[in-house]
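Have the sequence and the 3D view ready.

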Amino acid sequence: MKNKRLFTVLAVVIFLMAAFFRFYGVNWDGNQHLHPDERFLTMVTSAISWPKNISEYLDTTISPLNPHNKGFSFFVYGTFPIFFTKWVSEYLGKADYNEVTLIGRQLSALFDL
């Protein structure tokens with residue numbers, strides 16, 4: 001019983017330390033967008049927009065959520081992270097270029113934990 005309690009406390013401490021290090025200094029580059037992949041994903045997330053209806057979404061040739069339709073012909077990443085980041089940032093009212101990056105970093109940290 002004592003070992004189980006010690007293990008639980010240690011696990012919580014490790015989790016809290018991990019959360020601290022993942023969320024501390026989230027704006028580590030001072031909005032300079034130094035990481036090229038992150039900068040690219042931020043540009044795509046800022047460029048896409050929500051479709052007007054389901055048929056527009058399902059037609060990949062005109063879908064405003066399709067990065068290829070927004071001038072990003074070499075998009076090799078998954079779309080769920082950018083869709084989710086765009087939705088969360090718009091919901092929070094932080095959808096400009098710099099804030100999308102920070103929201104994305106925080107979501108990444110949250111999912112890592």
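## Two helices crossing

H4 and H5 make a right-handed crossing, meaning the near helix is turned clockwise from the far one by less than a right angle. Helices here are DSSP runs (H or I, at least four residues), numbered from the N terminus. This is a predicted model, where local features need pLDDT of at least 70, side-chain atom pairs count only at pLDDT 80 or more, and totals for chains, interfaces and linings use all residues. Residues are numbered from 1 along each chain as its sequence is written, and side-chain values use heavy atoms, with hydrogens and water left out.

So who touches whom (contact means heavy atoms within 4.5 Å)? From H4, Phe84, Thr85, Val88 and Ser89 meet Val100, Ile103, Gly104, Leu107 and Phe111 of H5. Sorted by class, that contact has 6 nonpolar, 3 polar and no charged residues; Gly counts as polar.

## A stacked pair

Phenylalanine 80 and phenylalanine 84 are stacked, because their ring centres are 5.5 Å apart and their planes sit at 15°. For rings to pair, centres must lie within 6.5 Å; planes under 30 degrees apart count as stacked, over 60 as edge-to-face and the rest as tilted. Being 4 residues apart in helix H4, phenylalanine 80 and phenylalanine 84 are separated by about one helical turn.

## Around the pocket

Which residues lie nearest the centre of the largest pocket? They're Glu38, Leu41, Gly104, Arg105 and Ser108, out of 26 lining residues. A pocket is an open set of points on a 1 Å grid over the protein atoms alone, where a 1.4 Å probe fits, with protein on both sides within 12 Å along at least five of seven lines; lining residues have an atom within 4 Å of a point.

H5 gives the largest share of the lining, 7 residues.

How values were computed
Contact means heavy atoms within 4.5 Å. Rings of Phe, Tyr and Trp (its six-membered ring) pair if their centres lie within 6.5 Å; planes under 30 degrees apart count as stacked, over 60 as edge-to-face and the rest as tilted.
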